[in-house]
2 protein chains.
Amino acid sequence: MGKRIALFDTTLRDGEQGEGISFTVEDKIKIAHLLDSLGVDFIEGGWPGSNPKAIDFFKAMKKEKLKHARLAAFGSTCRHGKPAREDKNLNMLIESGAPVAVIFGKTWDMHVTDALKISLNENIILIDESVRFLKSHRRTVIFDAEHFFDGYRHNQAYALEAVTAAQNAGADMVVLCETNGGMLFDDVMSATKTVVDTLHIPVGIHAHNDSDSAVANSIAAVLAGAVQVQGTVNGYGERCGNANLCSIIPNLQLKRGYSIVSEKQLRTLTSVAHHISEIANRTPNNQQPFVGHSAFAHKAGIHVSAIQKNRLTYEHIDPASVGNKQRVLVSELSGISNLLYKAKGMNLDLDKDDPLVKDILARIKAMEHAGYQFEEAEASFEVMVRKALGKHRPLFELISFHVTNEKFGIDDMSVEATVKIRIKGREVHTVADGNGPVAALDRALRKALCDDYPQIASISLSDYRVRVLDSKDGTNAKVRVIIESHDANDLWGTVGVSNDIIEASWQALVDSIEYKLV
Amino acid sequence: MGKRIALFDTTLRDGEQGEGISFTVEDKIKIAHLLDSLGVDFIEGGWPGSNPKAIDFFKAMKKEKLKHARLAAFGSTCRHGKPAREDKNLNMLIESGAPVAVIFGKTWDMHVTDALKISLNENIILIDESVRFLKSHRRTVIFDAEHFFDGYRHNQAYALEAVTAAQNAGADMVVLCETNGGMLFDDVMSATKTVVDTLHIPVGIHAHNDSDSAVANSIAAVLAGAVQVQGTVNGYGERCGNANLCSIIPNLQLKRGYSIVSEKQLRTLTSVAHHISEIANRTPNNQQPFVGHSAFAHKAGIHVSAIQKNRLTYEHIDPASVGNKQRVLVSELSGISNLLYKAKGMNLDLDKDDPLVKDILARIKAMEHAGYQFEEAEASFEVMVRKALGKHRPLFELISFHVTNEKFGIDDMSVEATVKIRIKGREVHTVADGNGPVAALDRALRKALCDDYPQIASISLSDYRVRVLDSKDGTNAKVRVIIESHDANDLWGTVGVSNDIIEASWQALVDSIEYKLV
């Protein structure tokens, strides 16, 4: 077992500062349980002194049971001019009931004189009194040294004096905050080393990603002796985000042998990351290291043929160790080996010398040129290949569909869709309403198919994405619709492309249903 | 002037290996000119031996003039068993006409024995003969040492022997490729240092981002003596992408004083990055360091009040130095200072003690709860604030609209929208068709307004995005539509939310037009 490094997650506090991120109290509770199951040691739930939702969260958490993690409440050192015991902010940390209190204080001299507008010594007294007050209430106290690295660069002696004051007042840990995110790894490494050598209490690191170095900076601090890493899931956070725990955990554990979470917990990393992106309602970043959908996706022909022999040739770790998986992409750049690999996965016998292979590659190229993309729509790809091989039997023949949307004044919209199809020799004509045109069309189609294919009831649509392909044309542009469907066992994506969003949605809907039912 | 570091861009070759990325020859030419204007030294245009589009690109580039950059063609060392001069791959590098030839060769012993299935010495001969052949055609030769860092770890002597062979055969530069992207900065730094000390020709670095460290790894190599950095714009590339030049350039130049591009060129970085993401048809990553839309966006109330006093308090560089800008976000987390900052930008007098301020914050909170998001829709935010202040006069009153979509068999869709509005006391009733329902509705509305507001003709829609808010509900889910509009001078975003995509689009359309015309 390697040296233990503690994980401090601030998705619920600093992560919510990210543009477009807003959690409800229920969201926060769900995320707290996911973090707990992942093996996070500390969960920073919010700043009760600044955000009423944080107060509600800590209240609600009194009824929830965490298996391993401890809750932390965030606040600032007390204000100048009043004793710490009368500071509202500090008292709210106590009232939150969280066993861990995190307070940030100034360590950059310019912030003390220009933002707080007090003397350097007065700031030291604020740090001292705030920590002593929280310790007198028997909290575990973490002192977040805000802007530590900028402070260290501008006035090293003062930055060290400030963190030493926190230690001497009884703080359990000092966390060096790279608040502006602009440092590079060598800055972080040498400053952290000095602090570790200066203090006798443990030191942590809290990095931001403005120089695209938050992960490396966090690792640099650990290599210099830091024993706690603060960050967020998926790197959510203000500006360019916080240090991404989804990268730091596997890097430290798999590449440097530190002990962070169990192997079993590590294998849930991808699903926890995706689940939290769903709660945060952010499209996952496919390129995200370790947990992204593309993180182990191979497109270059030579890579694909090499990984089929030995996956280590183009994979830095076993994707399963973080709960991810290898994928092989098909595109006009990819060679025959990718197509054959895919076909094998579909149980299709395709010989590399079959002239159809060339036809299919040409068809892929033409469809990609028209805006189709199969990388996120492997079910449409399979339907297309089956069609090319003459192995596809359509479920039904469309005679017509019709969708109407009406709005009167400020009333809600009213939507109706009709579908007329020929199925097993009969004409079926159905109508449905719905919340929107695609929902109404989906319902009418399901009604038309459900007598012949009752298993259609088990298929649900789990995501629906629209991408304008040529945005210069505004609402006239061609759109690509990707639909993600699932049943109890399976998840599959389909694609449609058209200038008309309803037509594109129709293509993706039909592919989704045919993929599963044919 | 600091030490000069050369930029080698491989967006057109390795970047195109990224999932979902596919360039036409025209796209590639446009990107080459953008890279040239940014000050890139080498543009790797493709692999003529593997991709016919690359051949077309190099052919087309013979008619294009680059101001500064030199074109590079990519290929591999020759195959075993034939002399280099008969190798098709190598000959295509010469035929491409590119003055720079890049060949990758094996330096990891396992790849030689397991993938190439030849002896270690035979591989050294391939490297030697390939380099000599290209040099005999007077090309600048860059030897890409594939998997160098893995090779160095497993068999240091052989990895060094391979790069030394390239040098001795006359290669102009050896580039150390971190092909699998799994290394951390300390690995890269020490291995690069050894190579720099061993060779007498210049050394470069080519990193991938699988350990979320490509930027730090590239910088580590430069600090160890590398003088060329390879990467892609926006970090496009296979799996987790290549090293992101948009981060490496400003880091090296602004933070370490290296000389890379001119200050003027650096100020175009954000626009070049966005332009290339548009050509690549990838949604820009808002969190992207330096060039992302959120890179200098402040949300936390205390940050906003601090940056108003001194922007250095929460910004690591001046956003203008990379062509980006500061933004202040409004959300339920943000305090009164953010709202007042925004109102000032709208020329609205809003006093912080005005009871309306509280009303507006409550309204923001309720709308965000319903799924609205103003961060990308500042025009809708302004319309909402003007409504709250009683300063908004609607352009028209909707009586009704009606959109029908029909499809018969395999025919194209047919779409028709009618709009009935009351404007300046008159009823206007119009109809239009369009490529899709929203386009038809947009056209009918414009027809209804154009007599009274002829300036509507100058407004174009430049982007249209749809986000499913609660994907669990599939096509029944609530959707958020963001519309981006522009005229000759201005770009603005608006938002609509509804279970019906047409209703949501309508809200965003009306906001867009009212924002500009009221």
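Two residues are said to be in contact when they have heavy atoms within 4.5 Å. In this predicted model, Asn123(B) touches Lys106(B), Val112(B), Leu116(B), Ile118(B) and Tyr158(B), leaving aside residues up to four places away in sequence. Asn123(B) sits in helix H5 of chain B, which covers residues 120-136, and with 0% relative accessibility it counts as buried.

Side chains of opposite charge can pair when their charged atoms come close. Over all chains, a search of the whole structure finds 45 salt bridges. One of them is formed by Arg256(B) and Asp187(A), at 3.3 Å from N to O. Because Arg256(B) lies in helix H10 of chain B and Asp187(A) in helix H8 of chain A, this pair joins two chains. Arg256(B) is partly exposed at 25% relative accessibility, whereas Asp187(A), at 18%, is buried. Both residues also belong to a network of salt bridges that links them with Arg153(A) and Asp186(A).

Within chain B, the side chains of Arg153(B) and Asp187(B) meet in a salt bridge of 3.4 Å, N to O. Arg153(B) lies in helix H6 and Asp187(B) in helix H8, so the pair ties together parts that are 34 residues apart in sequence. Here Arg153(B) is exposed, with 51% relative accessibility, while Asp187(B) is buried, with 18%.

A further salt bridge connects Glu382(A) with Arg386(A), whose closest N and O atoms are 3.2 Å apart. Both lie in helix H16 of chain A, four residues apart, or about one turn of the helix.

Conventions: Residues are numbered from 1 along each chain as its sequence is written. Chains are lettered from A and ligands numbered from 1 in the order in which they are written. This is a predicted model: local features need pLDDT of at least 70, side-chain atom pairs count only at pLDDT 80 or more; totals for chains, interfaces and linings use all residues. Side-chain values use heavy atoms; hydrogens and water are left out. Buried means under 20% relative accessible area, exposed over 50%, partly exposed in between (1.4 Å probe, protein chains only). A salt bridge is a side-chain nitrogen of Lys or Arg within 4 Å of a carboxyl oxygen of Asp or Glu.
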